[in-house]
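Please look through the sequence and the model below before reading on. The paragraphs that follow take the reader through the sheets and then through the helices.

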Amino acid sequence: MQGIIQNVFDALILIVFFGFTIFVHECGHFITALRNGMVVDVFSIGFGPAIWSRKIKGVVYKICIIPLGGYVVLPQLDPTGMEMVQGGDGDKEKETSGSNQNRRNMLPEVSFPRKVFVAAAGSFSNVVFGVVLALIIYLSPNAITGENRPLIVDVDAESPALLAGLRTGDEILAVNGKKVNTWYDYTVECFLGANESEQIELAVKTDGRRRELILNTVKDDNGAIDIPGLREQLTSCRFGWIVPGSSAEKAGLKAGDEVVEFDNVPVVTWTQFIGLVSVCRDKEASIIVRRDGDYETFKVIPVYSSETGRAMIGVGLADRAVPWMQYKNPMKQIKSDTIMIVRFLKALVTPRESRRAMKGVGGPVAIVLTLWISIKSSLFNAVGFLRLLNINLAIINLLPIPLLDGGHIVFCAWERITRRKLNPRIVNGLIKVFGSLLIGLFIIITINDIIKLPRFLGLGKAKAVAEQTEQFEDKEE
(Lines give C-alpha, C1' and ligand atoms only; values in the text may rest on other atoms or scores of the structure.)
Protein backbone atom coordinates (compact mmCIF):
# COMPACT_ATOMS: atom_id res chain seq x y z
CA MET A 1 0.00 0.00 0.00
CA GLN A 2 2.84 2.35 0.87
CA GLY A 3 4.42 1.70 -2.53
CA ILE A 4 1.17 2.58 -4.30
CA ILE A 5 0.87 5.83 -2.35
CA GLN A 6 4.50 6.69 -3.17
CA ASN A 7 3.94 6.03 -6.89
CA VAL A 8 0.81 8.19 -6.89
CA PHE A 9 2.74 10.95 -5.12
CA ASP A 10 5.59 10.68 -7.64
CA ALA A 11 3.08 10.81 -10.51
CA LEU A 12 1.55 13.98 -9.09
CA ILE A 13 5.01 15.56 -8.82
CA LEU A 14 5.71 14.57 -12.44
CA ILE A 15 2.48 16.18 -13.66
CA VAL A 16 3.17 19.35 -11.68
CA PHE A 17 6.79 19.58 -12.86
CA PHE A 18 6.03 18.94 -16.53
CA GLY A 19 2.89 21.07 -16.54
CA PHE A 20 4.59 23.97 -14.80
CA THR A 21 7.33 24.07 -17.44
CA ILE A 22 4.68 24.54 -20.14
CA PHE A 23 2.79 27.00 -17.94
CA VAL A 24 5.92 29.14 -17.44
CA HIS A 25 6.54 29.29 -21.20
CA GLU A 26 2.98 30.29 -22.09
CA CYS A 27 2.80 32.75 -19.20
CA GLY A 28 5.80 34.52 -20.71
CA HIS A 29 3.86 35.15 -23.92
CA PHE A 30 0.64 35.94 -22.08
CA ILE A 31 1.98 38.46 -19.57
CA THR A 32 4.22 40.34 -22.03
CA ALA A 33 1.38 40.50 -24.57
CA LEU A 34 -0.98 42.04 -22.02
CA ARG A 35 1.65 44.49 -20.79
CA ASN A 36 2.26 45.58 -24.37
CA GLY A 37 -1.42 46.20 -25.00
CA MET A 38 -1.93 43.25 -27.33
CA VAL A 39 -5.19 41.33 -27.67
CA VAL A 40 -5.15 37.81 -26.20
CA ASP A 41 -7.90 35.45 -27.38
CA VAL A 42 -6.90 32.08 -25.90
CA PHE A 43 -4.53 30.81 -23.22
CA SER A 44 -4.27 27.04 -23.51
CA ILE A 45 -2.33 24.33 -21.70
CA GLY A 46 -2.19 21.38 -24.09
CA PHE A 47 -3.41 20.84 -27.65
CA GLY A 48 -6.54 19.43 -29.25
CA PRO A 49 -10.13 19.44 -27.90
CA ALA A 50 -10.62 21.21 -24.57
CA ILE A 51 -11.49 19.21 -21.46
CA TRP A 52 -12.00 22.43 -19.51
CA SER A 53 -12.68 25.93 -20.82
CA ARG A 54 -13.72 29.27 -19.36
CA LYS A 55 -13.88 32.80 -20.75
CA ILE A 56 -12.70 35.54 -18.41
CA LYS A 57 -12.48 39.19 -19.46
CA GLY A 58 -12.39 38.29 -23.13
CA VAL A 59 -9.72 35.58 -22.79
CA VAL A 60 -10.61 31.90 -23.21
CA TYR A 61 -8.62 29.79 -20.74
CA LYS A 62 -8.39 26.10 -21.69
CA ILE A 63 -6.90 22.80 -20.60
CA CYS A 64 -6.76 20.45 -23.59
CA ILE A 65 -6.65 16.70 -23.98
CA ILE A 66 -3.04 16.48 -25.26
CA PRO A 67 -0.88 17.88 -22.41
CA LEU A 68 2.39 17.97 -24.38
CA GLY A 69 2.62 21.70 -24.98
CA GLY A 70 0.39 24.76 -25.04
CA TYR A 71 -0.24 28.00 -26.84
CA VAL A 72 -1.49 31.58 -26.56
CA VAL A 73 -3.61 32.94 -29.43
CA LEU A 74 -2.39 36.45 -30.29
CA PRO A 75 -4.21 37.64 -33.45
CA GLN A 76 -1.91 40.67 -33.84
CA LEU A 77 1.14 38.40 -33.90
CA ASP A 78 -0.20 35.18 -35.45
CA PRO A 79 -2.63 35.78 -38.34
CA THR A 80 -3.62 32.09 -38.46
CA GLY A 81 -4.87 32.06 -34.87
CA MET A 82 -3.07 28.76 -34.16
CA GLU A 83 -5.80 26.96 -36.11
CA MET A 84 -3.42 24.04 -36.67
CA VAL A 85 -3.43 23.05 -33.00
CA GLN A 86 -6.62 24.42 -31.49
CA GLY A 87 -8.61 21.29 -32.02
CA GLY A 88 -11.71 23.09 -33.35
CA ASP A 89 -14.61 23.47 -30.94
CA GLY A 90 -17.07 24.62 -33.58
CA ASP A 91 -18.31 28.09 -34.52
CA LYS A 92 -18.04 29.41 -31.00
CA GLU A 93 -14.37 28.44 -30.83
CA LYS A 94 -13.70 30.05 -34.19
CA GLU A 95 -15.21 33.27 -32.95
CA THR A 96 -13.43 33.37 -29.59
CA SER A 97 -10.08 32.26 -31.01
CA GLY A 98 -9.89 35.21 -33.39
CA SER A 99 -10.12 33.19 -36.58
CA ASN A 100 -12.40 35.82 -38.11
CA GLN A 101 -10.05 37.62 -40.50
CA ASN A 102 -12.17 40.79 -40.64
CA ARG A 103 -11.82 41.18 -36.91
CA ARG A 104 -8.07 40.78 -37.12
CA ASN A 105 -7.79 43.46 -39.76
CA MET A 106 -9.55 45.92 -37.43
CA LEU A 107 -7.08 45.38 -34.58
CA PRO A 108 -4.41 48.07 -34.04
CA GLU A 109 -0.96 47.43 -35.50
CA VAL A 110 1.81 46.35 -33.14
CA SER A 111 5.40 47.54 -33.59
CA PHE A 112 8.12 45.15 -34.72
CA PRO A 113 10.14 45.29 -31.44
CA ARG A 114 7.03 44.49 -29.40
CA LYS A 115 6.14 41.53 -31.60
CA VAL A 116 9.64 40.10 -31.30
CA PHE A 117 9.65 40.72 -27.55
CA VAL A 118 6.35 38.88 -27.06
CA ALA A 119 7.39 36.00 -29.37
CA ALA A 120 10.66 35.51 -27.48
CA ALA A 121 9.15 35.98 -24.02
CA GLY A 122 8.20 32.30 -23.67
CA SER A 123 11.76 31.11 -24.16
CA PHE A 124 13.06 33.90 -21.92
CA SER A 125 10.69 32.74 -19.15
CA ASN A 126 11.97 29.17 -19.45
CA VAL A 127 15.58 30.40 -19.17
CA VAL A 128 14.71 32.41 -16.05
CA PHE A 129 12.96 29.37 -14.55
CA GLY A 130 15.99 27.26 -15.48
CA VAL A 131 18.28 29.67 -13.63
CA VAL A 132 16.03 29.46 -10.55
CA LEU A 133 16.25 25.65 -10.65
CA ALA A 134 20.03 25.87 -11.05
CA LEU A 135 20.20 28.11 -7.96
CA ILE A 136 18.14 25.58 -5.99
CA ILE A 137 20.76 22.91 -6.77
CA TYR A 138 23.60 25.35 -6.02
CA LEU A 139 22.22 26.48 -2.66
CA SER A 140 21.20 23.04 -1.38
CA PRO A 141 23.84 21.08 0.56
CA ASN A 142 21.91 17.86 -0.18
CA ALA A 143 22.10 18.12 -3.98
CA ILE A 144 24.71 15.60 -5.14
CA THR A 145 26.64 16.63 -8.24
CA GLY A 146 29.77 15.22 -9.82
CA GLU A 147 31.80 15.73 -12.96
CA ASN A 148 33.41 12.58 -14.33
CA ARG A 149 36.64 13.47 -16.07
CA PRO A 150 37.40 11.39 -19.18
CA LEU A 151 40.15 9.55 -17.30
CA ILE A 152 40.88 5.87 -18.01
CA VAL A 153 41.55 4.09 -14.73
CA ASP A 154 41.86 0.59 -16.15
CA VAL A 155 42.22 -1.22 -19.49
CA ASP A 156 41.30 -4.89 -19.75
CA ALA A 157 44.15 -7.27 -20.52
CA GLU A 158 44.26 -8.42 -24.17
CA SER A 159 41.37 -6.05 -25.01
CA PRO A 160 41.29 -4.18 -28.36
CA ALA A 161 41.82 -0.95 -26.40
CA LEU A 162 45.05 -2.24 -24.86
CA LEU A 163 46.29 -3.62 -28.17
CA ALA A 164 45.55 -0.25 -29.82
CA GLY A 165 47.79 1.51 -27.31
CA LEU A 166 45.51 2.84 -24.57
CA ARG A 167 46.93 2.62 -21.07
CA THR A 168 45.76 3.05 -17.49
CA GLY A 169 46.00 6.72 -16.53
CA ASP A 170 45.39 8.06 -20.04
CA GLU A 171 43.10 11.07 -20.23
CA ILE A 172 40.84 11.35 -23.29
CA LEU A 173 41.21 14.80 -24.85
CA ALA A 174 39.17 14.58 -28.05
CA VAL A 175 37.09 12.24 -30.21
CA ASN A 176 37.35 12.79 -33.97
CA GLY A 177 38.90 16.18 -33.30
CA LYS A 178 36.09 17.33 -30.96
CA LYS A 179 37.23 18.25 -27.46
CA VAL A 180 35.69 16.33 -24.55
CA ASN A 181 35.64 17.54 -20.95
CA THR A 182 33.67 14.75 -19.28
CA TRP A 183 33.04 11.05 -19.77
CA TYR A 184 29.55 11.97 -20.94
CA ASP A 185 31.07 14.11 -23.71
CA TYR A 186 33.18 11.12 -24.70
CA THR A 187 30.16 8.79 -24.95
CA VAL A 188 28.22 11.35 -27.03
CA GLU A 189 31.07 11.88 -29.49
CA CYS A 190 31.62 8.11 -29.78
CA PHE A 191 27.94 7.67 -30.59
CA LEU A 192 27.80 10.49 -33.14
CA GLY A 193 31.28 10.23 -34.58
CA ALA A 194 31.82 6.54 -35.35
CA ASN A 195 32.21 6.06 -39.11
CA GLU A 196 30.69 3.31 -41.25
CA SER A 197 33.38 0.87 -40.13
CA GLU A 198 32.63 1.80 -36.48
CA GLN A 199 36.01 3.47 -35.97
CA ILE A 200 36.88 6.69 -34.17
CA GLU A 201 39.98 8.81 -33.83
CA LEU A 202 40.95 9.31 -30.22
CA ALA A 203 43.32 11.93 -28.82
CA VAL A 204 44.70 10.98 -25.40
CA LYS A 205 47.23 12.43 -22.99
CA THR A 206 49.82 9.98 -21.64
CA ASP A 207 52.37 11.30 -19.13
CA GLY A 208 51.82 14.81 -20.45
CA ARG A 209 52.25 13.74 -24.07
CA ARG A 210 49.43 13.90 -26.63
CA ARG A 211 48.83 10.83 -28.79
CA GLU A 212 46.43 10.13 -31.67
CA LEU A 213 44.94 6.63 -32.02
CA ILE A 214 42.42 4.93 -34.31
CA LEU A 215 40.19 2.50 -32.43
CA ASN A 216 37.31 0.18 -33.23
CA THR A 217 34.05 0.60 -31.35
CA VAL A 218 31.20 -1.73 -30.41
CA LYS A 219 27.49 -1.18 -29.84
CA ASP A 220 26.00 -2.46 -26.59
CA ASP A 221 22.46 -3.75 -25.98
CA ASN A 222 21.24 -0.21 -25.24
CA GLY A 223 22.50 1.17 -28.56
CA ALA A 224 25.42 3.06 -27.00
CA ILE A 225 28.77 3.01 -28.82
CA ASP A 226 31.96 2.58 -26.85
CA ILE A 227 35.52 1.28 -26.98
CA PRO A 228 35.56 -2.17 -25.35
CA GLY A 229 37.96 -2.75 -22.48
CA LEU A 230 37.94 0.73 -20.91
CA ARG A 231 36.89 1.68 -17.41
CA GLU A 232 36.31 5.24 -16.40
CA GLN A 233 37.19 7.16 -13.27
CA LEU A 234 34.90 6.06 -10.45
CA THR A 235 34.19 8.70 -7.84
CA SER A 236 31.59 7.39 -5.39
CA CYS A 237 29.75 4.34 -4.07
CA ARG A 238 26.21 5.37 -4.94
CA PHE A 239 23.39 3.04 -5.98
CA GLY A 240 21.98 3.54 -9.44
CA TRP A 241 19.77 0.42 -9.52
CA ILE A 242 18.05 -1.88 -7.05
CA VAL A 243 17.25 -5.38 -8.30
CA PRO A 244 13.53 -6.13 -7.75
CA GLY A 245 13.00 -8.76 -5.06
CA SER A 246 16.62 -8.59 -3.89
CA SER A 247 17.77 -8.39 -0.30
CA ALA A 248 18.66 -4.74 -0.91
CA GLU A 249 15.07 -3.94 -1.88
CA LYS A 250 13.69 -5.91 1.07
CA ALA A 251 16.01 -4.00 3.41
CA GLY A 252 14.64 -0.67 2.14
CA LEU A 253 17.64 0.54 0.14
CA LYS A 254 16.88 2.87 -2.78
CA ALA A 255 18.51 4.16 -5.94
CA GLY A 256 20.51 7.28 -5.09
CA ASP A 257 21.66 6.02 -1.68
CA GLU A 258 25.39 6.60 -1.12
CA VAL A 259 27.16 3.97 0.99
CA VAL A 260 29.04 5.37 3.96
CA GLU A 261 29.70 2.23 5.99
CA PHE A 262 29.16 -1.53 5.57
CA ASP A 263 29.47 -4.08 8.38
CA ASN A 264 31.07 -1.40 10.61
CA VAL A 265 33.76 -0.63 8.02
CA PRO A 266 33.91 2.87 6.41
CA VAL A 267 33.43 2.63 2.61
CA VAL A 268 35.52 4.77 0.29
CA THR A 269 35.13 3.14 -3.13
CA TRP A 270 32.65 0.76 -4.67
CA THR A 271 35.41 -1.76 -5.29
CA GLN A 272 35.95 -1.91 -1.54
CA PHE A 273 32.20 -2.12 -0.97
CA ILE A 274 31.81 -5.15 -3.26
CA GLY A 275 34.67 -6.85 -1.44
CA LEU A 276 33.00 -6.28 1.94
CA VAL A 277 29.68 -7.62 0.64
CA SER A 278 31.27 -10.74 -0.81
CA VAL A 279 32.66 -11.92 2.54
CA CYS A 280 29.32 -11.54 4.35
CA ARG A 281 27.50 -14.40 2.64
CA ASP A 282 24.23 -15.29 4.41
CA LYS A 283 25.21 -13.03 7.29
CA GLU A 284 23.18 -10.02 8.37
CA ALA A 285 25.25 -6.87 8.06
CA SER A 286 24.54 -3.25 8.82
CA ILE A 287 24.82 -0.68 6.05
CA ILE A 288 24.81 3.08 6.60
CA VAL A 289 23.83 5.22 3.62
CA ARG A 290 23.53 8.94 2.95
CA ARG A 291 20.06 9.74 1.65
CA ASP A 292 18.92 13.32 0.95
CA GLY A 293 21.55 14.65 3.34
CA ASP A 294 20.61 12.34 6.23
CA TYR A 295 22.34 9.16 7.37
CA GLU A 296 20.20 6.03 7.68
CA THR A 297 21.06 2.52 8.84
CA PHE A 298 19.66 -0.69 7.35
CA LYS A 299 20.16 -4.43 7.85
CA VAL A 300 20.86 -6.52 4.76
CA ILE A 301 21.82 -10.15 4.08
CA PRO A 302 24.15 -10.78 1.09
CA VAL A 303 22.96 -13.83 -0.88
CA TYR A 304 25.23 -16.09 -2.93
CA SER A 305 24.75 -15.92 -6.71
CA SER A 306 25.74 -19.01 -8.70
CA GLU A 307 25.91 -16.86 -11.85
CA THR A 308 28.67 -14.63 -10.49
CA GLY A 309 30.14 -16.94 -7.85
CA ARG A 310 29.79 -14.25 -5.19
CA ALA A 311 27.51 -13.05 -2.45
CA MET A 312 25.42 -10.08 -3.59
CA ILE A 313 22.75 -7.80 -2.17
CA GLY A 314 21.24 -6.92 -5.57
CA VAL A 315 22.40 -3.43 -6.45
CA GLY A 316 23.87 -1.69 -9.45
CA LEU A 317 26.29 1.08 -8.67
CA ALA A 318 25.90 4.53 -10.19
CA ASP A 319 29.50 5.54 -10.86
CA ARG A 320 28.64 8.33 -13.28
CA ALA A 321 26.72 11.53 -12.62
CA VAL A 322 23.81 12.02 -15.01
CA PRO A 323 24.48 14.80 -17.55
CA TRP A 324 22.18 17.28 -15.83
CA MET A 325 23.82 16.82 -12.40
CA GLN A 326 27.48 17.33 -13.25
CA TYR A 327 27.98 20.85 -11.90
CA LYS A 328 27.14 22.74 -8.72
CA ASN A 329 27.89 26.20 -10.13
CA PRO A 330 24.62 27.57 -11.60
CA MET A 331 26.28 29.20 -14.62
CA LYS A 332 28.09 25.95 -15.43
CA GLN A 333 24.77 24.11 -15.18
CA ILE A 334 23.09 26.40 -17.72
CA LYS A 335 26.16 26.39 -19.97
CA SER A 336 26.32 22.58 -19.91
CA ASP A 337 22.61 22.32 -20.80
CA THR A 338 23.04 24.78 -23.67
CA ILE A 339 26.11 23.03 -25.08
CA MET A 340 24.34 19.66 -24.87
CA ILE A 341 21.30 20.89 -26.83
CA VAL A 342 23.29 22.87 -29.39
CA ARG A 343 25.52 19.85 -29.99
CA PHE A 344 22.48 17.72 -30.73
CA LEU A 345 21.00 20.32 -33.10
CA LYS A 346 24.33 20.59 -34.89
CA ALA A 347 24.44 16.81 -35.28
CA LEU A 348 20.95 16.86 -36.83
CA VAL A 349 22.13 19.12 -39.68
CA THR A 350 25.49 17.38 -40.14
CA PRO A 351 25.11 14.69 -42.85
CA ARG A 352 27.62 12.34 -41.24
CA GLU A 353 25.94 12.54 -37.82
CA SER A 354 22.26 13.19 -38.57
CA ARG A 355 21.24 9.54 -38.84
CA ARG A 356 22.73 8.62 -35.48
CA ALA A 357 21.36 11.81 -33.91
CA MET A 358 17.84 10.88 -34.99
CA LYS A 359 18.29 7.42 -33.46
CA GLY A 360 19.37 8.97 -30.20
CA VAL A 361 16.62 11.58 -29.94
CA GLY A 362 14.06 11.09 -27.20
CA GLY A 363 10.41 12.05 -27.61
CA PRO A 364 7.61 12.72 -25.12
CA VAL A 365 7.61 9.15 -23.81
CA ALA A 366 11.35 9.25 -23.11
CA ILE A 367 11.08 12.71 -21.53
CA VAL A 368 8.25 11.70 -19.20
CA LEU A 369 9.96 8.43 -18.23
CA THR A 370 13.30 10.16 -17.61
CA LEU A 371 11.56 12.72 -15.42
CA TRP A 372 9.77 9.87 -13.61
CA ILE A 373 13.03 7.99 -13.00
CA SER A 374 14.69 11.23 -11.86
CA ILE A 375 11.89 11.82 -9.35
CA LYS A 376 12.22 8.23 -8.09
CA SER A 377 15.99 8.72 -7.72
CA SER A 378 15.89 12.02 -5.83
CA LEU A 379 14.04 15.31 -5.86
CA PHE A 380 17.20 17.22 -6.79
CA ASN A 381 17.85 14.86 -9.71
CA ALA A 382 14.36 15.74 -10.94
CA VAL A 383 15.06 19.45 -10.45
CA GLY A 384 18.22 19.10 -12.54
CA PHE A 385 16.40 17.32 -15.36
CA LEU A 386 13.60 19.90 -15.25
CA ARG A 387 16.24 22.64 -15.62
CA LEU A 388 17.63 20.88 -18.70
CA LEU A 389 14.08 20.51 -20.07
CA ASN A 390 13.44 24.24 -19.67
CA ILE A 391 16.65 25.25 -21.42
CA ASN A 392 15.87 22.72 -24.15
CA LEU A 393 12.34 24.15 -24.60
CA ALA A 394 13.73 27.69 -24.75
CA ILE A 395 16.26 26.91 -27.48
CA ILE A 396 14.00 24.64 -29.57
CA ASN A 397 11.19 27.20 -29.59
CA LEU A 398 13.49 29.86 -31.01
CA LEU A 399 14.31 27.78 -34.10
CA PRO A 400 13.13 29.58 -37.29
CA ILE A 401 10.37 27.06 -38.00
CA PRO A 402 6.73 28.06 -38.65
CA LEU A 403 4.49 27.09 -35.70
CA LEU A 404 7.37 27.76 -33.27
CA ASP A 405 8.17 31.12 -31.67
CA GLY A 406 11.23 31.48 -33.88
CA GLY A 407 8.98 31.16 -36.94
CA HIS A 408 6.86 34.09 -35.78
CA ILE A 409 10.01 36.16 -35.30
CA VAL A 410 11.05 35.35 -38.88
CA PHE A 411 7.60 36.39 -40.15
CA CYS A 412 7.86 39.67 -38.23
CA ALA A 413 11.38 40.28 -39.58
CA TRP A 414 10.16 39.64 -43.14
CA GLU A 415 7.42 42.23 -42.75
CA ARG A 416 9.91 44.68 -41.28
CA ILE A 417 12.38 44.24 -44.15
CA THR A 418 9.88 44.19 -47.02
CA ARG A 419 7.51 46.75 -45.47
CA ARG A 420 4.64 44.52 -46.54
CA LYS A 421 2.32 42.28 -44.56
CA LEU A 422 2.52 38.59 -45.23
CA ASN A 423 -0.52 37.07 -46.88
CA PRO A 424 -2.37 35.16 -44.12
CA ARG A 425 -3.04 32.33 -46.58
CA ILE A 426 0.69 31.90 -47.18
CA VAL A 427 1.42 31.94 -43.46
CA ASN A 428 -1.41 29.51 -42.80
CA GLY A 429 -0.14 27.22 -45.57
CA LEU A 430 3.41 27.24 -44.20
CA ILE A 431 2.19 26.52 -40.70
CA LYS A 432 0.01 23.65 -41.92
CA VAL A 433 2.89 22.13 -43.92
CA PHE A 434 5.44 22.41 -41.12
CA GLY A 435 2.80 21.50 -38.56
CA SER A 436 2.07 18.30 -40.45
CA LEU A 437 5.81 17.55 -40.67
CA LEU A 438 6.27 18.17 -36.95
CA ILE A 439 3.26 15.97 -36.12
CA GLY A 440 4.68 13.23 -38.35
CA LEU A 441 8.07 13.56 -36.67
CA PHE A 442 6.34 13.52 -33.30
CA ILE A 443 4.59 10.24 -34.18
CA ILE A 444 7.80 8.63 -35.47
CA ILE A 445 9.77 9.64 -32.37
CA THR A 446 6.97 8.41 -30.10
CA ILE A 447 6.89 5.02 -31.86
CA ASN A 448 10.69 4.88 -31.55
CA ASP A 449 10.38 5.63 -27.82
CA ILE A 450 7.90 2.79 -27.41
CA ILE A 451 10.17 0.38 -29.30
CA LYS A 452 13.09 1.35 -27.06
CA LEU A 453 10.94 1.24 -23.93
CA PRO A 454 12.24 -2.12 -22.55
CA ARG A 455 15.85 -0.96 -22.97
CA PHE A 456 15.07 2.48 -21.60
CA LEU A 457 13.46 1.06 -18.47
CA GLY A 458 16.53 -1.12 -18.05
CA LEU A 459 14.64 -4.40 -17.86
CA GLY A 460 17.28 -6.79 -16.65
CA LYS A 461 19.85 -4.00 -16.52
CA ALA A 462 19.98 -3.86 -12.75
CA LYS A 463 21.01 -7.50 -12.62
CA ALA A 464 23.53 -7.02 -15.41
CA VAL A 465 25.10 -4.03 -13.70
CA ALA A 466 25.41 -5.91 -10.45
CA GLU A 467 26.98 -8.90 -12.20
CA GLN A 468 29.45 -6.70 -14.07
CA THR A 469 30.41 -5.08 -10.80
CA GLU A 470 31.13 -8.47 -9.28
CA GLN A 471 33.30 -9.43 -12.26
CA PHE A 472 35.18 -6.17 -11.83
CA GLU A 473 35.95 -7.11 -8.23
CA ASP A 474 37.14 -10.56 -9.34
CA LYS A 475 39.71 -8.95 -11.63
CA GLU A 476 40.93 -6.57 -8.94
CA GLU A 477 41.63 -9.44 -6.56
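How many bridges join S14 to S15? In this predicted model, the two strands run antiparallel and are joined by seven bridges. Within that pairing, Ile-288 has Thr-297 of S15 as its bridge partner. The two strands form a hairpin with two residues between them, and in this hairpin Asp-292 takes a positive phi near 50°.

These strands belong to an open sheet of four strands, whose order is S13-S12-S14-S15 and whose pairing is antiparallel. Its edges are formed by strand S13, residues 265-266, and strand S15, residues 294-300, each of which pairs on one side only. Further into the order, strand S12 (residues 258-262) meets strand S14 (residues 285-291) in an antiparallel pairing over four bridges, and here Phe-262 stands opposite Ile-287 in S14.

A second open sheet of four strands can be found elsewhere in the chain, with the order S5-S4-S6-S7 and again with antiparallel pairing. Strand S5 (178-179) and S7 are the edge strands of this sheet, and each pairs on one side only. Strand S6, which covers residues 199-206, and strand S7, which covers residues 209-216, are paired in the antiparallel sense over eight bridges. Two of the facing positions can be picked out along this pairing: Ile-200 stands opposite Leu-215 in S7, and Val-204 stands opposite Arg-211 in S7. S6 and S7 also form a hairpin with two residues between them, where Asp-207 in the turn has a positive phi of about 50°. Across strand S4 (171-175), S5 and S6 lies helix H6, made of residues 183-193, which runs at about 35° to S4.

Among the helices, H4 deserves a careful look. Helix H4 spans residues 112-139, a run of 28 residues, and reaches 40 Å from its first C-alpha to its last, which is close to the 40 Å expected at 1.5 Å a residue. Even so, H4 contains a kink of about 45°, centred on Ala-121.

H4 packs with helix H13 (residues 405-418) at an angle of about 170°, with the two axes 9 Å apart. Because of this angle, H4 is roughly antiparallel to H13. On the H4 side, the contact is made by Phe-112, Lys-115, Val-116, Ala-119, Ala-120 and Ser-123, while H13 contributes Asp-405, His-408, Ile-409, Cys-412, Ala-413, Glu-415 and Arg-416. Sorted by class, the residues of the contact of H4 with H13 comprise seven nonpolar, two polar and four charged.

Another pair of helices to find is H9, residues 330-348, and H10, residues 351-360, which pack at an angle of about 120° with their axes 7 Å apart. H9 and H10 are therefore oblique to each other. Where they meet, H9 supplies Arg-343, Phe-344, Ala-347 and Leu-348, and H10 supplies Glu-353, Ser-354, Ala-357 and Met-358. By class, five nonpolar residues, one polar residue and two charged residues make up the contact of H9 with H10.

Technical notes: Residues numbered from 1 in each chain as written. Predicted model: local features only at pLDDT ≥ 70, side-chain atom pairs only at ≥ 80, totals over all residues. Heavy atoms only, no water. Pairing = 2+ DSSP bridges. Expected span 1.5 Å × (residues − 1). Bend = angle between axes of the 7 residues up to and from the residue. Axes fitted to C-alpha atoms, helices over the stretch in contact; angles between N-to-C directions. Parallel < 35°, antiparallel > 145°, perpendicular 65-115°, else oblique. Contact = heavy atoms within 4.5 Å. Nonpolar A, V, L, I, M, F, W, Y, C, P; charged D, E, K, R; others polar.
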